[in-house]
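Dear colleague,

I am passing on the structure we talked about, with the sequence alongside.

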Amino acid sequence: MGKIASNVGAASSSISGLQRIAEGSLGGFGLSGSNLKGMQAGTKVGNQLMGDINKLTSSVKKQADKFPQIARIIEARDSSEAAKFGR
């Protein structure tokens with residue numbers, strides 16, 4: 001896991017792995033003709049789970065995309081504070 005810092009480059013680097021994940025990239029399950037109720041129910045549950053995982057992935061990506069913005073704010077604040085101390 002990348003380090004969160006008041007540096008836009010470091011923040012962008014820390015979320016680069018998440019940005020490569022495509023939303024909705026997980027497929028679904030299918031049966032090729034089973035009539036067993038347990039198999040049909042399992043397929044339905046599996047497909048619902050995949051939808052939930054896709055939603056979770058999307059939510060995590062939205063939060064991760066905020067890191068570079070936060071880093072810019074912190075970087076500006078740090079520069080301002082450093083200027084006060086003559087750095």
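Predicted model: local features only at pLDDT ≥ 70, side-chain atom pairs only at ≥ 80, totals over all residues.

The protein has four helices and zero strands, so that, read along the sequence, its pattern is α-α-α-α. Of the 87 residues in the protein, 11% are buried, and the protein exposes about 6,600 Å², of which 58% is supplied by carbon and sulfur atoms. Among the contacts with a separation of 6 or more, 71% are accounted for by residues 24 or more positions apart.

Two packed helices are described by the angle between their axes and the distance between the axes. For helix H3 (residues 37-64) and helix H4 (residues 66-84), the axes come within 5 Å and cross at roughly 15 degrees, and because angles under 35 degrees count as roughly parallel, H3 is roughly parallel to H4. On the H3 side the contact is made by Lys62, Gln63 and Ala64, and on the H4 side by Lys66, Phe67 and Pro68; these residues divide into three nonpolar, one polar and two charged.

Just after H4, Gly86 takes a positive phi of about 75 degrees.

Notes:
Residues numbered from 1 in each chain as written. Heavy atoms only, no water. Axes fitted to C-alpha atoms, helices over the stretch in contact; angles between N-to-C directions. Helix = DSSP H or I, 4+ residues; strand = E, 2+ residues; numbered from the N terminus. Parallel < 35°, antiparallel > 145°, perpendicular 65-115°, else oblique. Contact = heavy atoms within 4.5 Å. Nonpolar A, V, L, I, M, F, W, Y, C, P; charged D, E, K, R; others polar. Buried < 20%, exposed > 50% of the residue type's maximum accessible area, 1.4 Å probe, protein only. Areas by Shrake-Rupley, 256 points an atom, 1.4 Å probe, with all protein chains shown as cover.
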